[in-house]
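I opened a new notebook page today. My plan is to look things up one by one and write down what I find.

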Amino acid sequence: MLGALLVPCNVYSGLKIGFSANMSIAAALLSCGFWGAATRVRAATPGWTLLENNVNQTCASSAASIISAGLVAPIPALAILTGQTLSWPVLSVWLLAVSCLGVLVGLSLRRPMIERQGLPFPSGVATAETVREIYASGREAAARFRALIAAGAVAALTKVVHEFVWRIPQIGPAIGVGKLGPAALTTKGLGFVLDPSWMMIGFGAIVGLRVGASMLVGSVIAWGLITPWMFATGRLTPPASDAGLYAVAVEFLLWPGVGLMVAAAITSFAISLWDALSPGSAAASADGDGPSTEPGQPTLPKGPPRQGVPFRWLAAGFVVAGAGAVAAQSLIFDIAVPMAVLAVLLTFVLAVVAAQVSGETGIPPIGALGKVTQLTFGLIHPTSVSVNLMTANVTGGAAGQCSDLLHDLKAGRLLGASVPAQAVAQFLGVLVGSMAGSAAYLAVVRDPARQLLTEEWPAPAVATWKAVAELFRDGLDAAPSGAIAASLAGVAIGIALALVARVAPKAIRGYAPSAVSLGLAFVIPAYYGVSLFLGAAVAALAAKLAPGPARRFTLPVAAGLVAGESLAGVGGALVSLFTGQ
């Protein structure tokens, strides 16, 4: 039930800004709150134990992470480029086939990466710490649950009022940009306003000040400098009103933004792979059970060793899941069997790398892995959009579920959970998530070509996957004037920033902006960048002025803001669907 409730939040936020939230901690808090309410209604209700909560959280987070199987990137990109849309049963089967492959890879990597190398898997450590804290003090869990619910109610109510009662205006001065652009162009028209969206503020608090500041800087460069200059020099035709400005400008800004994001992600991926394979690296030299958390984090005592999933079960699962993924590619998208088999084999290799990177940094490089596959199959079969997008979908989706499971298994390792129970929970989670995620996506996105890549639904991940597929299909001549040069500049900057972030001295590294966040700001409205920065700044200020309460309540409040607006947004889409509006 929690998985079905939380997955629409990630579908909604993924299509809005390309971000999704890890729902493990939110699921742990919600389960305690709901179970506590049940206890008050029926006194004989048995206690909700720590290990039960862990298995519940594994299932719910697995369902919520189903969007990595393509819901907010290659699937809508394919619909825009080819017109191919999938029915609810077919889309559910596709998501399930891709995700089961990733779950099996994750189970096979538990022993080498968690028990032998002792990789940190920071989200898993944070979840374990939170669950232990909850059970150390029942009143603490109740207070954090109330904070999450209250924040969700505020965000949901604001969204409902905005959609159905009164359009809450964006707040900000309309300052002319002078010589930078046309006389009628103002800061408000360019999007430098405060938007009535609590979700963006919540995401800002989750992602932190570095990402929030990078988003703001990227918004200023893209929408405050490049866009007015493009209009002033006649490279872009000014729209009749501010309402059409985003659609006109993003057609060009997409190129440097995507170039920056893709180059930075792949460069970071390559450095991580080199580090993992180098004889002197921490990962390669790790021995035994390793540390139970990352440096600088509190050390949690590990639970007792648990028996993993038997090898024969994993082997049989790989045969079934691999055959299912090949059949799904062939039957749904008419991909040749050799191509489909190659995609599955490539998935095994790249999912291992994704798990290594995610284990060390907490961030699965799903986008970068998708681009590696897109580039690979673009060279093998350059004119097929379906092959380019959906083979990459297999790789990215499997890597996403693999990483999600390993973070949950890390939490289970620290809490002493049953590995087979977590495995069953993960499979049930992807089953529920496939059905609920497909339903939420189809309810929200009824016409991808008309709805997406607009100011209301920027869908930056869709834009990135679509641009790469178009590049192989149409060639460089189809790009807007000057877009190739801008894209190459973005690639150079992305590579440079990725190198600085990974190899520069720590004193410099902390001040380097996030390259992926800079690129993302080029393809979403500026007011999203403003709100993300505001949320990050408020969270950072709270941590400095009141570190105790901030540590306890920042994440529940932020998660509540994201979930509340997302659920209200999906609910509004369903109302519009059934009322025909």
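**Aromatic pairs.** I started with the rule: rings of Phe, Tyr and Trp (its six-membered ring) pair if their centres lie within 6.5 Å, and planes under 30 degrees apart count as stacked, over 60 as edge-to-face and the rest as tilted. By this rule I get 6 aromatic pairs. I looked up Phe34 and Phe145. Their ring centres are 6.2 Å apart and their planes stand at 75 degrees, so this pair is edge-to-face. The pair links distant parts of the chain, with Phe34 in helix 2 (residues 24-41) and Phe145 in helix 7 (residues 138-165), 111 residues apart. Helices here are DSSP runs (H or I, at least four residues), strands are runs of E (at least two), and both are numbered from the N terminus.

Phe34 has 44%, so I call it partly exposed. Phe145 has 17%, so it is buried.

Next I took Trp94 and Phe333. This aromatic pair is edge-to-face too, with 4.8 Å from centre to centre and 80 degrees between the planes. Trp94 lies in helix 5 (residues 88-116) and Phe333 in helix 13 (residues 311-333), so the pair ties together parts 239 residues apart in sequence. Both Trp94 and Phe333 are buried.

**Ground rules.** This is a predicted model, where local features need pLDDT of at least 70, side-chain atom pairs count only at pLDDT 80 or more, and totals for chains, interfaces and linings use all residues. Residues are numbered from 1 along each chain as its sequence is written, and side-chain values use heavy atoms, with hydrogens and water left out.

**The whole protein.** I counted 24 helices and 0 strands. Of the 581 residues, 54% are buried. Then I checked contacts (heavy atoms within 4.5 Å). Among those with a separation of 6 or more, 83% join residues 24 or more positions apart. The accessible surface comes to about 23500 Å², and 69% of that belongs to carbon and sulfur atoms. These areas come from the Shrake-Rupley method with a 1.4 Å probe, and for residues only the protein chains shown count as cover.

**Cores.** A nonpolar core is a set of buried Ala, Val, Leu, Ile, Met, Phe, Trp, Tyr and Cys residues joined through side-chain atoms within 4.5 Å. The largest one has 142 residues. Leu15, Leu71, Trp94, Trp223, Leu389 and Leu406 have the most contacts inside it. Apart from it lies another core of 6 residues, including Leu260, Leu497, Ala498 and Leu518. What does Leu71 touch, not counting residues up to four places away in sequence? I found Val11, Ile66, Pro76, Leu91, Leu95, Gly437, Ser438 and Tyr441.

**Helix 4.** Why do I call helix 4 (residues 74-82) largely enclosed by the rest of the structure? Because 7 of its 9 residues are buried. They are Pro74, Ile75, Pro76, Ala77, Leu78, Ala79 and Leu81. Their cover includes helix 5, helix 13, helix 16 (385-415), helix 17 (419-444), helix 18 (448-451) and helix 19 (460-474). Just after helix 4, Gly83 takes a positive phi of about 80 degrees.

**Positive phi beyond glycine.** Most residues other than glycine have a negative phi. Asp334 has a positive phi near 60 degrees. It sits in the loop between helix 13 and helix 14 (337-361), and its 69% relative accessibility makes Asp334 exposed. Ala459 has a positive phi of about 45 degrees. Its place is the loop between helix 18 and helix 19, and at 0% relative accessibility Ala459 is buried.

**Leu415.** I found Leu415 in helix 16. It counts as buried, at 10% relative accessibility.

**Cysteines.** How many disulfides (pairs of cysteine sulfur atoms within 2.5 Å) does the structure hold? I found 0. Cys32 is buried at 17% relative accessible area, and Cys402 is buried at 0%.

Conventions: Disulfide = S-S within 2.5 Å. Buried < 20%, exposed > 50% of the residue type's maximum accessible area, 1.4 Å probe, protein only.
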